[in-house]
Amino acid sequence: MPKKIRDIFNKRFWKHYLCITLGCFLLAFGDAVFITPFQLIPGGIISVGVIVQYFVDLSGSHAQVIDIVTWCLQIILLVVSFIFLGKRFTLRTLFASFVYPLFFTLLYRIPMIDGLPVGQALANMVIETSGESTATLPVLLISAIFGGAFIGAGVAFTYLGDGSSGGFDVLCVLSAKHTPIKEAMASFLIDATLVIVGIFCTKQLTPGLLGILAALVCAIAIQFVYSRSSTYVIAEIISDEYEKIIDYVVTKMERTTTVLDGIGAYSGKERKVIRVAFSNRELQAFRDFIAQTDPKAFVTFTNASMINGEGFDPLITRKKARKEKKNKGDASNGE
């Protein structure tokens, strides 16, 4: 049986896509039930849709456009990913980039419960069961907390499936690849910018602040479901196929590696030991490649809370870091 056909029936293959599908559904559910009906702005592409919807409502139109904005942004960012990040990353985000907005459109637009979309119907139930007739502050707080929890769990499950929810992840990876700003900081800056823009555009402080609360809950949910004690992994591999592994690390992962000479204590044979560092999100794909290339390879993985050097955070002294921070502050004051 050809290898590509065998991969289709691989349990790990299906596990990855089930995780991504579940993650996309949880993400879409959180957005459709708890975020968009209450016009909260937690960051991400959904916040762009909420801001655009505000201006559409302001014009007197009753058109619902949040899912349309979401589709457009996902497709645009997918094209950007293909051009600047290559085929490998784009394929990793392709599935989620279509499944998430599809789930969101179904929950946001298609009438299913008493003539209402699922998202709006469940949002109405949240209001009714609270004993209120409108979305009061307690209702908004509940929505922010549960919306953030569902979104965070959804994002975490897409990561567990070795995927990505797409969207502004593309810009975060671009930032990490071409600037000193890493993915986590880029994500924070994008979300913070959207929250600030949303507050200024809508002239309403409460949705923006509740959006920040939702973003914090989202981060906690990701930490609980996905993140471990570290962000990075150091792997050491002993394999007869070390040349293929080195080629994969350099060409596919776009990282470098260190090759050490070792001697087996029992066999006395000379062996090559490959040492490579990478982010936690690349771990599953790397393990899959090793398993396919050399199932007899001996591999150890070690968690690392911090890695400094080329391709990671720059290695600087605290004195230099304080000096750079001071210089940035002086430059800002000069402006």
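The largest nonpolar core has 53 residues. Phe38, Leu40, Tyr100, Phe104 and Phe168 touch the most other members. By nonpolar core I mean buried Ala, Val, Leu, Ile, Met, Phe, Trp, Tyr and Cys residues joined through side-chain atoms within 4.5 Å. Buried is under 20% relative accessible area, exposed is over 50%, and partly exposed is in between, with a 1.4 Å probe and protein chains only. Helix 2, residues 11-35, gives this core its largest share: 9 residues. Helices are DSSP runs of H or I, at least four residues, numbered from the N terminus.

A word on the source. This is a predicted model: local features need pLDDT of at least 70, side-chain atom pairs need 80 or more, and totals for chains, interfaces and linings use all residues. Numbering starts from 1 along each chain as its sequence is written, and side-chain values use heavy atoms, without hydrogens or water.

Now the rings. Phe, Tyr and Trp rings (six-membered ring for Trp) pair if their centres lie within 6.5 Å; planes under 30 degrees apart are stacked, over 60 edge-to-face, the rest tilted. The count is 15 aromatic pairs. Take Phe25 and Phe29: tilted, 6.0 Å centre to centre, 35° between the planes. They sit 4 residues apart in helix 2, so about one helical turn separates them. Phe25 is partly exposed, at 34%. Phe29 is buried, at 17%.

Next, Phe104 and Tyr108. This pair is stacked, at 5.1 Å and 15°. Both lie in helix 5, residues 86-109.

Conventions: Helix = DSSP H or I, 4+ residues; strand = E, 2+ residues; numbered from the N terminus.
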